[in-house]
Protein chains: 2
Amino acid sequence: MSDKLSFLVFGAGAVGSVYGWRIQVGGGNVSVVCRSNYEAVKKNGFTINSEIFGSHTFIPNNVYSSAKETVANGQEYDYILVCTKALPNIEDPTILLKQIIKSNKTTIVLVQNGIGIEEPYIKAVLEKDKEYKRRGEFALNTFDKILLSGKVESIVEKHLQRSRWFKLIWNASFNPISVISGQYSANDLLSNPGTRDLIKKTMYEVIKIGEAITGGPLHDEISGANIPDYYIDRIEIRNTIVVPSMLQDYMNKKPMEYEVILKTPIEKAKVLGIQVPILETLYSLLVMNEKRNLQ
Amino acid sequence: MSDKLSFLVFGAGAVGSVYGWRIQVGGGNVSVVCRSNYEAVKKNGFTINSEIFGSHTFIPNNVYSSAKETVANGQEYDYILVCTKALPNIEDPTILLKQIIKSNKTTIVLVQNGIGIEEPYIKAVLEKDKEYKRRGEFALNTFDKILLSGKVESIVEKHLQRSRWFKLIWNASFNPISVISGQYSANDLLSNPGTRDLIKKTMYEVIKIGEAITGGPLHDEISGANIPDYYIDRIEIRNTIVVPSMLQDYMNKKPMEYEVILKTPIEKAKVLGIQVPILETLYSLLVMNEKRNLQ
């Protein structure tokens with residue numbers, strides 16, 4: 001066994017494989033759990049073409065086909081990175097992890113979008129270990145150092161929930177609308193005045209909930225009123241076609257992350273007495289579209 | 001030439017052919033303009049299977065393939081029934097009619113759904129004839145008598161706009177949602193709690209505009225609060241699958257009537273300062289869905 005910190009990447013798609021790679025470069029021992037791509041990764045590793053880091057092959061230290069196999073191997077991990085999609089409506093995300101986490105030493109890192117995704121993990125971990133939270137800060141700073149060694153721009157965010165809400169403004173608007181509109185890219189949605197306006201109005205609903213929950217503006221420098229234009233500018237300044245991740249999932253006949261992107265925010269709005277008719281409309285329509293798409 | 005009143009049915013689909021038939025039975029001389037089905041109708045007439053009237057063949061007195069041909073024939077009509085879909089976004093509905101109407105004697109009957117459909121006709125007619133309105137009541141009562149002779153249940157409605165809004169509550173909710181949800185029947189939409197709720201909320205937005213515009217409740221016996229359940233009960237009490245007309249159009253790759261069903265009501269809400277976020281969302285999404293569908 002090496003003295004290196006050990007990492008398990010759970011869900012080694014586009015996001016997970018790049019994180020695993022850079023953590024290995026930064027000095028970590030990296031195992032991955034691959035489901036659909038196990039054979040290819042076991043044989044050839046990952047071929048990564050990154051705009052930032054260039055083209056490389058990443059050979060993980062261990063490749064597993066399932067959580068079960070990871071457990072059989074007997075290794076304990078310092079960190080488990082959860083890079084799967086957040087689909088609490090399809091499976092309890094903590095079930096597999098509970099099998100892998102053997103002791104207190106493992107830190108869970110959620111590399112996922114959405115609101116409320118931490119709650120099932122916190123519940124699962126607190127059942128085992130009441131002291132968990134206290135050790136969090138040390139684990140966080142160690143992880144930050146590894147990422148920086150791997151040349152990943154890393155920020156320890158003091159207002160994590162605020163950042164989540166800020167990111168959600170993008171996710172809860174472009175994502176569902178790109179699917180329900182009849183499958184259009186973000187660029188197409190912005191070229192059409194009707195959907196451009198709809199995207200902005202959806203964003204304002206998210207901003208309203210996020211500001212109420214976090215108790216202040218969602219960004220230090222961009223006011224709530226200007227956030228929609230900030231996101232729109234970011235797309236329009238680029239020369240590439242932006243296909244939101246939900247649309248990619250929809251086209252690949254995969255389940256979409258609408259529970260953590262839409263449903264949880266809507267529920268939080270309801271508790272606060274905030275009206276979010278557009279988010280509710282998008283959510284209802286999206287669920288039916290997925291039902292049709294996956295049938 | 002006969003002494004009978006002459007009728008021209010413009011757009012002889014399911015609605016137009018039944019009206020033409022019953023008017024002929026009621027004593028009218030009935031010409032029809034058929035576009036896609038001209039050859040078949042010229043040869044065999046219409047085969048009509050009506051729940052109310054049974055199965056019959058309706059042979060119109062004249063069959064024309066276009067407005068131009070109607071004009072070439074030289075006949076003047078007492079009534080022109082407009083039974084086409086209302087698609088002001090695609091063509092000015094009055095252009096063809098202006099060619100056919102030769103004198104003051106012709107009455108235009110709009111057999112169509114939606115809000116604001118009369119406006120272009122009123123404008124077109126008033127350009128020609130400032131006295132038009134005064135003769136309306138006589139023409140209306142004569143038409144009513146012909147329908148009753150043809151055993152069509154006919155009511156001279158004193159509050160026409162109120163009836164239009166009442167009908168719109170159905171049309172503006174089930175129609176767009178059935179398309180945007182991923183093509184579901186009205187029954188399916190009602191079985192799913194999310195879309196059932198969405199349909200009711202959409203209906204309440206329409207009711208709010210309609211009540212503000214007409215200055216009172218939209219029905220003598222059903223309060224605004226109870227209208228959604230009234231419409232839902234009407235579907236659930238039947239044993240048949242209800243496929244809203246917009247969904248039929250969508251599936252047949254035909255343009256949908258969203259201008260008169262959604263856009264005009266939204267514009268009227270805006271003038272009155274009424275918030276209709278759901279209708280606006282549905283409209284934007286529907287336009288994009290049609291764009292994708294007809295491309």
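**Exercises on a predicted two-chain model**

Residues are numbered from 1 along each chain, and side-chain values use heavy atoms, leaving out hydrogens and water.

**Exercise 1.** Find how many disulfides the whole structure holds.

*Solution.* Take a disulfide as a pair of cysteine sulfur atoms within 2.5 Å. Searching all chains gives 0 of them. Now check Cys83(A): its closest cysteine sulfur, in Cys34(A), sits 11 Å away, so a bond is ruled out by distance. Cys34(B) is in no disulfide either, with the sulfur of Cys83(B) 11 Å off. Cys83(A) is also buried, at 12% relative accessible area.

**Exercise 2.** Work out how helix H13 of chain A packs on helix H13 of chain B.

*Solution.* First, locate them: both span residues 277–294, as DSSP runs (H or I, at least four residues) numbered from the N terminus. Next, take the axes, lines fitted to C-alpha atoms over the stretch in contact: they lie 9 Å apart at about 45°. Last, list who touches whom (heavy atoms within 4.5 Å): the contact includes Pro277(A), Ile278(A) and Leu285(A) from H13(A), and Pro277(B), Ile278(B) and Leu285(B) from H13(B).

Key:
Chains are lettered from A and ligands numbered from 1 in the order in which they are written. This is a predicted model: local features need pLDDT of at least 70, side-chain atom pairs count only at pLDDT 80 or more; totals for chains, interfaces and linings use all residues. Buried means under 20% relative accessible area, exposed over 50%, partly exposed in between (1.4 Å probe, protein chains only). Axes are lines fitted to C-alpha atoms, for helices over the stretch in contact, and angles run from 0 to 180 degrees between N-to-C directions. Helices (H or I, at least four residues) and strands (E, at least two) are DSSP runs, numbered from the N terminus.
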